[in-house]
Amino acid sequence: MKNIYKKHNSFSNFKTKKETIVDYNEISKCLAGQLNIETNIERKKIFKDLINDLSTYGKENKEKFVLNPNVVEEMKSLDKDKVPDYLYHRYRYEIFPQKKILDNYPPYLQIEPTSICNYRCVFCYQTDNVFNKKSNNFMGHMAFETFKNIVDQAEGNIEFISLASRGEPLMCKDIEKMLLYTKNKFLNLKINTNASMLTEKKIHAILNSGVKTLSFSADAADEKSYAELRVNGNLNKILKNINLFNQIRASEYSNSKIITRVSGVKVNENQKINEMQKFWGDLVDQVAFVNYVPWENVYDSKNLDIATPCSDLWRRMFIWWDGKANPCDVDYKSKLSVGEISSKSISEIWKSPEYEKLRESHISNERSSLDPCNKCNVV
């Protein structure tokens, strides 16, 4: 059997110290109330589907929407009147890729503040010396005006946003200004960071921003293993920085509902989720693993002969630091780039002939004709 990586519900392990009991009746009432006042036909249909899926929770249905623990915690961090809109967009994120539904905007947008990283993690494409060499034009920081343009287009249309991709976002020279510009704009904004650049000033910028989930990338519960996986990283420094974040949060932002998570890549059997939970559990709200994807140099990999369409073609779009839009981050050298944000809007790129051609190739069992889709195991 082929080693396939499913992007949907991609946590292979997830531990949380918060209670995640769900009151399905309360949620259904909330959605029913929204259904009564909703005038948009497409949104109304999705609310009906949500009510049906949640009211029949537990029955076999591969296209059923479910409330996983991380989703429950995200919902609980919101004001009650925001929950229906959150579930509407979460439905788009989870179910549209399964049903191959497309509307005007991607359910999820991943914005890359910078492609530069100070780490050389063993499972990352930053180890590709063609990619990380500045003279090859892959390295750079996003201009604030480009970021502002993207956020302005996304606001009100895309609620699931990540600030991260090929690089370490806190290295971006305008990251503090970018973070502050996101305030009150999105229901679910996440930033992924290795925490090595987490200074007091940046901590305040994060806690003053629209960030809802702060994910610290770490894969080990001891210094030796951490250093072997996160090359150039220093575990003691990371622990010190996260402790500083918690101190500032507790003393100056006690009402903050931001969710903190340590999220690691599961690359070997020595990494135990219980050990991770024991080591990191007092520092963050959640601890999780995602399975390793061999993307550190997909271009030199062998063809995998996987016919299943990639769900990311209906789930998310990536916009690099230079405004280039890409359908995935496995293709870190942008062979499949679908446009430039400087010349087309997010919606225009998402529905463009270039994007549609990629989707059609995947649906028509022609994934093997596309490079690097033919060498990627993400579905």
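1. Two strands pair if DSSP finds at least two bridges between them. That rule applies to strand 2 and strand 3 (residues 160–163), which are joined by four bridges and run parallel. Within this pairing, L109 stands opposite I161 in strand 3. The model discussed here is predicted.

2. Which way do the residues of strand 2 (residues 108–111) point? Y108 and Q110 point one way, while L109 and I111 point the other way. In a regular strand, side chains alternate between the two faces of the sheet. Residues on both sides of strand 2 are buried: Y108, L109, Q110 and I111.

3. The next point concerns a glycine in a loop. G323 lies between strand 8 (316–319) and strand 9 (324–326). Is G323 buried or exposed? Its relative accessible area is 2%, and the cut-off for buried is under 20%, so G323 counts as buried.

4. What does G323 touch, once its neighbours within four places in sequence are left aside? G323 is in contact with T146, G339, E340 and I341.

5. Two packed helices are described by the angle between their axes and the distance between the axes. For helix 1 (residues 24–37) and helix 4 (residues 83–99), the angle is about 90 degrees and the axes are 9 Å apart. Helix 1 is therefore roughly perpendicular to helix 4, because angles of 65 to 115 degrees fall in that class. On the helix 1 side the contact is made by I27, C30, L31 and Q34, and on the helix 4 side by V83, P84 and L87. By class, this contact has six nonpolar residues, one polar and no charged.

6. Helix 7 (residues 200–207) packs against helix 9 (residues 235–252) at an angle of about 50 degrees, with the axes 10 Å apart. That angle makes helix 7 oblique to helix 9. The crossing of helix 7 and helix 9 is right-handed.

7. Which residues meet where helix 7 packs on helix 9? Helix 7 brings E200, I203, H204, I206 and L207. Helix 9 brings N241, L244, F245, I248, R249 and E252. The contact of helix 7 with helix 9 divides into six nonpolar, two polar and three charged residues.

Methods:
Residues numbered from 1 in each chain as written. Predicted model: local features only at pLDDT ≥ 70, side-chain atom pairs only at ≥ 80, totals over all residues. Heavy atoms only, no water. Axes fitted to C-alpha atoms, helices over the stretch in contact; angles between N-to-C directions. Helix = DSSP H or I, 4+ residues; strand = E, 2+ residues; numbered from the N terminus. Parallel < 35°, antiparallel > 145°, perpendicular 65-115°, else oblique. Left-handed = near helix turned anticlockwise from the far one by under 90°. Contact = heavy atoms within 4.5 Å. Nonpolar A, V, L, I, M, F, W, Y, C, P; charged D, E, K, R; others polar. Buried < 20%, exposed > 50% of the residue type's maximum accessible area, 1.4 Å probe, protein only.
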